[in-house]
Amino acid sequence: MNWTAEQILSLSPDASSTKAGQSLAAERHWRGLGCDQRAAWGLCQGSGKEPYRTQIDLSEPAFRCSCPSRKFPCKHGLGLFLLLAAQSKLFKEAEQPPWVGEWLGSRVDRAEKRAEKQARAIEERGVDAVAQSKRAERREERVKSGLQELELWLRDLVRQGLAAAQTAPQQFWERPASRLVDDQAPGLARMVREMAGAAQSGEGWQSRLFERASLLYLLIEGYKRLGSLPLETQARIRSVIGWTENQDELLQTSGVHDRWVILGRRIVEEDRLKTQRTWMIGRETKRPALVLHFANGSQPLDVSFVPGTEFDAELVFFPGAYPLRALVKERKSEAALSIDTPGETGIACAFQAYAAALGQNPWIDLVPMALKGVTPVFRSDDRERWLLRDSSGVAAPLAFQFPGGWQLASISGGRPITIFGEWDGDHLWPLSIQSEGRFLNLS
Amino acid sequence: MELWDEILRTSIIGLERQAFSPPTESGALGEFFAKLDSRDQEGALYGAAAATSLYQRAGRLLLKSTAPPPDPSAPEETPRCPESAALRLKLMLQGHFTDLLPEYLEALSQKGYRAPEESLPSLLILAQDKRELRFPLSKVLGMRGRWLASLKSDWSFAIDAAEGDGLWETGTREQRFALIENLRKKDPARARDLVRSTWGQETPKDREEILGAFKHGISPADEPFLESALDDNRKDVRRTAAELLSRLPESAMCRRMTERVLPLLRFSRKMLGRDKIEVTLPAECGKEMMRDGIELKPPSSALGEKAWWLQQMLAAVPLKVWTEGSGWTVDEIIAAADRCDWKILLLAGWAQAAARQRDLQWIEILLTGGIELNEQYSFLYLSLPSLHQQQFLLHSLRADPALTPAHQKLWLLESCDAPWSEELSQALIDSLTIHARKGDWTADYGFPGLLNRIGRMAHPNRIQQAISSISAVWKPGEDRGAFDRFFDLLQFRYDMHKEIHG
């Protein structure tokens, strides 16, 4: 496919890489430019004696460069890609030099090895079934006792009243949270820490805190009678508490085949852990999916999913009620530009769908929403707070911290457009726009 | 919401102080409440809360937007810029060569494009602080940009002055000054009427500021108003008015000044020996002279009081008085002044007069013959129209293509702000090529700045040639960083123009 410079730059890890990559997208920096169906490559003279060998696997895209940079993709990769997009004539159709062929070969090998390893791991686990079930049993016990303690703490909280909670020291929240981590229930620990955040969230904090506390209580009650619940709800409760699915095993199950359109991407950073949420939707199944990537500190995030593109793939969903999270089991085509995207609805329909999702899974925190026919308007009492309004006057509020309200307004010009974003139950965080036949990535 | 608030209230006060019994409700929620066991107080409270919270979130009443949305923006009349140019703008707004924005916007408007919608808010925010962006931005806003600016008062500067006359009454100081300055450039008479309509109510400081804008589009029609401003009770207003009047050779003030000065200079032709200018200093500085803007105290002790008065008076006398009165050419006058004891006084006064009256003949003769161009006389060079500035620079480059620091040419380069002509750009590129070949430049501290200046100003049509001719002879040395930045800058500008011009 023909990548646009905009899409290429959306892969950039930071602003300085964008800048440097942009500067390197000039012919005078490069020698030995070449390409074929699968890859593009070139030599870039850096400050060292030997030029850097830079190459791109165009099918995903994936990058490799011999420079010492720890950024990914590095500025040379970005520069080469931008040059390819702007002046493809400079790249001669050529035979891959050995250093390109080796890398592409090793990528295929690695993928095969990974599959092998997964299969082996599952086999070994079968052999080790006894020890494993013992481990699982121990964990159940620990979680159970952790939940008992948590329940007492929650009961204390409302006996004494929430008023005291706002001024409670950090330890008040941190102690139960770290106990829950020790008891192997990291999901619950996160919820307790969110309660600490809610207690400090300014006006209306009591309501937000109490809402979270009662959902936590609901979870404890659910776990107590887990056996009596439908299997999907069981799976959901276990995953909220913090049991992780074995991804290798998951990847062995069969998934959903479709053409997946990438609608938006958001990266959030917390305690040096970066989480990248990529939202997609199936063209045929109209099924939304969320693919997560994590990276610690300065580690690079996956860059192979570019908003505004689509690809054929098999996706495996994590089990649970109202499943959203998925793994890409196998890509079956190269990425291609999306001309139009499926799945948009009006605000009223989107809210109904959200209510239905909540009915299946009370602990759901984010759902994707693609709203069509909405006009961004500021609130009459505050021109820096924004709503999306449909033709009947129904409106969905945007998140306070979302910085692009004026940008949305400018793109719409006061006319209805299509906006995709994350809905957290109260506010929408826009991630992409479609207007006048153009797809605009906001992240 | 009431239901939730009731349950919430109990949780805030605490069950130790207030017992909880589930509220009576009808429907599914009521049935659920009925099942709660009130003996387990905390359990019942949490149970009711969880159910109510979910019930309300799922059945969330949709927000109704009460205010009607603003009218949509009018259909565009100009095309959106090409996508590659839109992306470049996005990068520039992220901090990549941001200072090239005026050039970028100017290029868009020359091609008849408008700026891309998604970047308009960032551009408007930037132009709030960077005033130099406002004019070029105003030409590429399109309907969308004007519509957007009409929604936020911080951006009212972007709306045409014609639509913004009301601002003169209601705007902030900043907005009012900007309005009057723009209007003076387009319609000086209307600007003057606007100013007169509120003149009596302005503070002295504002009067001075507003009057300053009259240097744009000044004409004899302004004289009565300026003459009346000579009686203002603030000194700075009077001085500004006098200076403006001295740009109008036919004005009464110029006539008064001419009458005062004529007897003080005598031009005598000698048959043998040289022509001579004899100078008599004025005896006193009366109220009338002070009204016409003459200041009593000299700015430095190097100049006597009376000499200072005469210098100021000369600056306010039409220059043709001297050529017509004496029958001498400008060259002859300057040559004679050069030999006079009062040389500095005469040249300084005439330089000021030439700059104010935009008298090209006098300026050029003064610059080439009379005075040595230094920062003190920068106003003289700057008062030349930009084309003449560049011609002047081009002449001096042709005489000597070397660009050494501390050389006058470097200072002239810094001052040439209008887009450089192709000719001048080429001459500078040739000079750079000579230096790059010799490599004799690396030690000069002013050199990175000079490269930057040339990289920034070189005419777009000459950029490609600049890159190829200079990089062909330049051998990377310790100046590598500066040259890399230079090439990056040129390449960026080249691509920028190519994307816009297709």
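Are H12(B) and H14(B) roughly parallel or roughly perpendicular to each other? Before answering, keep in mind that this is a predicted model, and select helix H12, residues 204–212 of chain B, together with helix H14, residues 235–245 of chain B. Their axes come within 9 Å and cross at roughly 15°, an angle under the 35 degrees used as the cut-off, and therefore H12(B) and H14(B) are roughly parallel. The contact itself is made by Pro204(B), Arg207(B), Glu208(B), Leu211(B) and Gly212(B) on the side of H12(B), and by Asp236(B), Val237(B), Thr240(B), Ala241(B) and Leu244(B) on the side of H14(B). Sorted by class, this contact has five nonpolar, two polar and three charged residues. If you turn the view so that one helix passes over the other, the crossing is left-handed.

Stay in chain B and select helix H23, residues 386–399, and helix H25, residues 422–438. The axes of this pair come within 10 Å and cross at roughly 30°, which makes H23(B) roughly parallel to H25(B). Here, too, you can look for a left-handed crossing, this time of H23(B) and H25(B). From H23(B), the residues Gln390(B), Gln391(B), Leu393(B), Leu394(B), Leu397(B) and Arg398(B) meet Glu423(B), Leu424(B), Ala427(B), Leu428(B) and Ser431(B) of H25(B). The residues of this contact divide into six nonpolar, three polar and two charged.

One more stop in chain B is Leu179(B), which you will find in helix H10, residues 173–186. With a relative accessibility of 5%, Leu179(B) counts as buried. If you also select Gly166(B), you will see that its C-alpha is 10 Å from that of Leu179(B), while the two residues are 13 apart in sequence.

Now move to chain A and select helix H5, residues 129–160. This helix has 32 residues and reaches 47 Å from its first C-alpha to its last, close to the 46 Å expected at 1.5 Å a residue. Several residues of H5(A) are buried, among them Arg139(A), Val143(A), Gly146(A), Trp153(A) and Val158(A).

Next, select Gln184(A), in the loop between H6 and H7 of chain A. Its phi is near 60°, a positive value in a residue other than glycine, and at 34% relative accessibility Gln184(A) counts as partly exposed. A further positive phi, near 50°, belongs to Glu436(A), which lies in the loop between strands S16 and S17 of chain A. Glu436(A) is exposed, with a relative accessible area of 57%.

From there, go on to Asn441(A), which lies in strand S17, residues 438–441. Asn441(A) counts as buried at 12% relative accessibility. Leaving aside neighbours within four places in sequence, Asn441(A) is in contact with Ser10(A), Pro307(A), Leu431(A) and Ser432(A), and also with Lys90(B) of the other chain.

For a last stop, select Phe72(A) and Pro73(A), where the peptide bond from Phe72(A) to Pro73(A) is cis, with omega near -10°. Pro73(A) lies in the loop between strand S4 and helix H3 of chain A.

Conventions
Residues are numbered from 1 along each chain as its sequence is written. Chains are lettered from A and ligands numbered from 1 in the order in which they are written. This is a predicted model: local features need pLDDT of at least 70, side-chain atom pairs count only at pLDDT 80 or more; totals for chains, interfaces and linings use all residues. Side-chain values use heavy atoms; hydrogens and water are left out. Helices (H or I, at least four residues) and strands (E, at least two) are DSSP runs, numbered from the N terminus. The expected span of a helix is 1.5 Å times one less than its number of residues. Buried means under 20% relative accessible area, exposed over 50%, partly exposed in between (1.4 Å probe, protein chains only). Axes are lines fitted to C-alpha atoms, for helices over the stretch in contact, and angles run from 0 to 180 degrees between N-to-C directions. Angles under 35 degrees count as roughly parallel, over 145 as roughly antiparallel, 65 to 115 as roughly perpendicular and the rest as oblique. A crossing is left-handed if the near helix is turned anticlockwise from the far one by less than a right angle, and right-handed if clockwise. Contact means heavy atoms within 4.5 Å. Ala, Val, Leu, Ile, Met, Phe, Trp, Tyr, Cys and Pro count as nonpolar, Asp, Glu, Lys and Arg as charged, and the others, Gly among them, as polar.
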